Amino acid sequence: MKKVGLIGGTSWYSSLEYYRMINQQCNDFFGNNTNPPLYLVNLNQEEIHSLQQAGQWDQIAQLIFSHAQKLETMGMEALAFCANTPHKVIPLIQDRLRIPFLHIADAMVENIHFQGWSKVGLLGTRFTMAENFLKDKIAIGNAIEVVVPEVEEQAELHRWIAEDLSLGIFSSKAQQCFLQAIDNLSAKGAQAVILGCTEIPLLLKGLDTSLPTIDSLRCHAEYIVSYILHS
């Protein structure tokens with residue numbers, strides 16, 4: 001099995017789900033309690049969020065690079081962020097490493113193509129929705145159109161993520177806000193919606209949605225397991 005370094009902590013609630021899913025899928029594959037060789041770095045979410053709000057992405061990149069480099073030195077064969085938004089800094093650090101990041105967008109593209117969708121909505125932090133680091137990675141060269149909420153709705157969704165979901169607070173009001181956002185993306189012609197913040201699947205677990213959902217966390221965990229077992 002390949003050794004993978006996980007960079008988590010943003011938030012630890014979703015990092016826990018990564019750890020659980022990857023281990024469970026490997027157990028299922030072997031039919032016993034064989035666990036994969038994972039090494040987890042737990043980032044300080046408060047520090048990362050403060051740097052994000054200040055627009056200090058270079059500092060975030062340097063902080064993450066220092067951890068990624070340590071994982072590489074430990075013999076990891078690939079790395080994975082246990083979140084969507086940190087993928088913004090991959091272009092700032094990938095060329096400084098010898099090992100690859102297993103990109104969450106590549107995992108979602110595989111799922112979208114498998115389902116036969118060509119136009120999808122994207123929910124996440126305002127960085128994920130407003131900027132192109134995930135949208136372009138999904139769309140360009142893949143015959144996929146990505147649509148996002150309007151600016152005002154992006155701000156409201158981001159507030160719920162930053163102030164509640166990242167703290168493990170999953171309320172009915174937050175659920176209604178995200179369900180309405182999915183309805184609005186459906187009105188824009190989306191065939192499915194990417195839950196592009198790894199806390200959103202936890203928020204909407206067990207709820208009916210007006211569009212099929214693409215669970216970025218589950219897609220990514222399956223992608224990581226495929227690398228561990230089959231690469």
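Analyst: R159 is partly exposed, with a relative accessible area of 31%; partly exposed lies between buried, under 20% relative accessible area, and exposed, over 50% (1.4 Å probe, protein chains only). The model is predicted: local features need pLDDT of at least 70, side-chain atom pairs count only at pLDDT 80 or more, and totals for chains, interfaces and linings use all residues. Residues are numbered from 1 along each chain as its sequence is written, and side-chain values use heavy atoms, with hydrogens and water left out.

The side chain of R159 meets that of E156 in a salt bridge, at 3.1 Å from N to O. A salt bridge here is a side-chain nitrogen of Lys or Arg within 4 Å of a carboxyl oxygen of Asp or Glu. E156 is also partly exposed, at 32% relative accessible area. Both residues belong to helix α8 (residues 151-163), and because they are three residues apart there, about one helical turn separates them. Helices are DSSP runs of H or I with at least four residues, strands are runs of E with at least two, and both are numbered from the N terminus.

The pair is part of a network of salt bridges that links E156, R159 and E163. The structure holds nine salt bridges. Another one joins R20 and E17, at 2.9 Å from N to O. R20 and E17 are three residues apart in helix α1 (residues 12-30), which means that about one helical turn lies between them. R20 is partly exposed at 41%, whereas E17 is buried at 17%.
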